[in-house]
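Thanks for asking me to look this over with you. Below are my notes as numbered points, meant to be read with the structure open beside them.

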Amino acid sequence: MKYLCLVYSEEKKLETMTDDECMEYDAELRKNGQCLASESLQPVRTATTVKVRNGKVSVMDGPYAETKEQLAGFYLINANDLDEAIRIASSIPPATVGSIEIRPIRELLSTKGERRLL
Amino acid sequence: MRENSATYVRQTINELYTSESRRILATLIRLLGDFDVAEDALHDAFAAAAEQWPLEGIPANPRAWLVSTGRFKAIDSLRRNARFDSSLSQLADELQADTPDPAQKLDEGVEDDQLRLIFTCCHPALPAEARVALTLREVCGLTTEEIGRAFITSGPTIAQRIVRAKSKIREARIPYRIPSSTELPARLDTVLQVVYLVFNEGYSASSGDSVTRADLSSEAIRLGRLLKELLPEPEVLGLVALMLLQESRRNARTSHDGELVLLENQNRALWNRAYISEGAALVEKALSTRRFGPYSLQAAIAAVHAQAPTPEDTDWTEIVGLYDVLLGLTSSPVVELNRAVAVAMCDGAEKGLKLIDAILDRGELTDYHLAHSARADLCRRLGKQEEARISYLTALALTKQEPERRFLEKRLGELGSAG
């Protein structure tokens, strides 16, 4: 059965960790075929939130902030720039009743300067 | 002789900086892909001009020279720093490979670059205050100190806002593009919002002693005019018209001792007629297309006022009609309020008062001092002293601007003596 594991933390606390540990664990999980997708997100200051109401797309700086809304799903996408990501996000059907937070992905980088081989 | 030519060169460079630096920056940002790299390149280019032009003479196409030099200096600088960070040498290669053709090519699409810059600075994914700060800094060339003073914040706070905005542009990859035709209406809206916000900060300072801060308003008008040159859409014309028409009353809006003067009491001889003609012409142009919007309509209303020789000549029926169209486009309680005031002029204070009460009873505009002062005024005209007093007091409690407070206190005082 599939599960989604979401990583939450205070950004300051994460800053003290290097990517090495994460890359090691990630490599292990991928080796045994259990990891279907994994990415690190850029900090929340890079977030953009999109909503569609009455056919109009509204774009706001920052993460989604409604306390009544709960996480319902995810899309990991490829886009050339934020505008394209916004176009894609605004077409996700639940955007018309909820919010879509768009966060750029951060590439993991080990202390030796190595990137993940996927 | 040498002294003269060095002076002439220096003067030319200064003039070029004043008139061209923002345009050159816009092009450099496109070529180099980064705001900060482009700003460094701009300064390096002008520094190089100051060194070389006295010896070599002023080039035939100074702007192209500056863009070209700025670009090469940036690539050079990247290569030098690449010794410490290998990823930079790849970037330098990419930038160099993008070799633009000779000078002329750099001149083409300069308007496009300026539009790219404006749209990027006003991108909706940036926080609202950052858009304003970034636009004033990158497009208008104001210093962070000047922006800080204008918005009653510190220069360093503005600087930080700008740094964060540039980081977001980089990290979230906000593209340096003119929006596509489907995206354009919404994106243009955010740009116009920024421009009008800047204008309003200058037109009526949100708190403090003097009612207007002239510099921001003229900056906003300049920005609006630039936008009109680049993108003559009806709402752009409408916004420029609105700003010109409001600005035309600057000299009449306050008395010599800083007191607020209402529209109906203003000395119309002090209105700027040139601005009024320009504004009225733009309104006509905007309305003649079928694609006008709220700014054009507000400008049309302002034009009706501006073209009345005396307050008694004001065509209030026309104004109510324009408000009706405006309400069809944007259901805003503030517009409803303004319409109510106009209705009072056409059909009597009682009708106007009913409309204002309907808004307040819905729970809207209860914190808006102008709603209460408008209500107070209509009550006063109807002889309803006590109700007028209550509304004036409510308005007073809600306004922070000194001239407005003095005006309201004066009205309150007048009530007392009549009662």
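1. Let's begin where the two chains meet: twelve residues of chain A are in contact with 13 residues of chain B. Two residues are in contact here if their C-beta atoms, placed from the backbone, lie within 7 Å. On the side of chain A that touches chain B, S3 and helix H3 (82–90) each supply at least two residues. The largest share, four residues, comes from S3(A). By class, that side of chain A divides into five nonpolar, three polar and four charged residues. In this count Ala, Val, Leu, Ile, Met, Phe, Trp, Tyr, Cys and Pro are nonpolar, Asp, Glu, Lys and Arg are charged, and the others, Gly among them, are polar.

2. A word on what you are looking at. This is a predicted model, in which local features need pLDDT of at least 70 and side-chain atom pairs count only at pLDDT 80 or more, while totals for chains, interfaces and linings use all residues. Residues are numbered from 1 along each chain as its sequence is written, and chains are lettered from A and ligands numbered from 1 in the order in which they are written. The model scores ipTM 0.92 and pTM 0.85.

3. How confident is the prediction for chain B? Its mean pLDDT is 89, and 93% of its residues reach 70 or more; pLDDT is the predictor's confidence in each residue, from 0 to 100. Do take care with residues 206–212 of chain B, where the pLDDT is below 50. This stretch has 18 contacts in the model beyond near neighbours in sequence. Where pLDDT is low, the predicted coordinates should not be read in detail.

4. Chain A has three helices and five strands, in the order α-α-β-β-β-α-β-β from the N terminus. Helices (H or I, at least four residues) and strands (E, at least two) are DSSP runs, numbered from the N terminus. The C-alpha atoms of chain A fill a box of roughly 50 × 35 × 30 Å along the principal axes. Of its 118 residues, 13% count as buried. A residue is buried if 20 or more other C-beta atoms lie within 10 Å of its own, exposed if 12 or fewer, and partly exposed in between, with C-beta atoms placed from the backbone.

5. Strand S2 (residues 48–53) and strand S3 (residues 56–61) run antiparallel and are joined by six bridges; two strands pair if DSSP finds at least two bridges between them. A:Arg53 stands opposite A:Lys56 in S3(A). What is the phi of A:Asn54? This residue has a positive phi of about 55° although it is not a glycine, and it is found in the loop between S2 and S3 of chain A. A:Asn54 counts as exposed because it has 5 C-beta neighbours inside 10 Å.

6. The domain assignment of chain A gives domain 1 (8–38) and domain 2 (40–109); such bounds come from an automatic or database domain assignment. Their contact takes five residues from domain 1 of chain A and six residues from domain 2 of chain A. Helix H2 (residues 19–31) of chain A gives the most to the domain 1 side, with three residues. The C-alpha centres of the two domains of chain A lie 22 Å apart.

7. Chain B has 21 helices and zero strands, and 38% of its 419 residues are buried. In its division into domain 1 (2–108) and domain 2 (315–419), the C-alpha centres of the two domains lie 56 Å apart. The C-alpha atoms of chain B fill a box of roughly 80 × 50 × 40 Å along the principal axes.

8. Two places in chain B are worth a visit. B:Ala150, in helix H8 (residues 144–150) of chain B, is buried because 20 other C-beta atoms lie within 10 Å. B:Arg173 is found in the loop between helix H9 (155–171) and helix H10 (184–203) of chain B. B:Arg173 has a positive phi of about 55° although it is not a glycine, and is partly exposed, with 17 other C-beta atoms within 10 Å.
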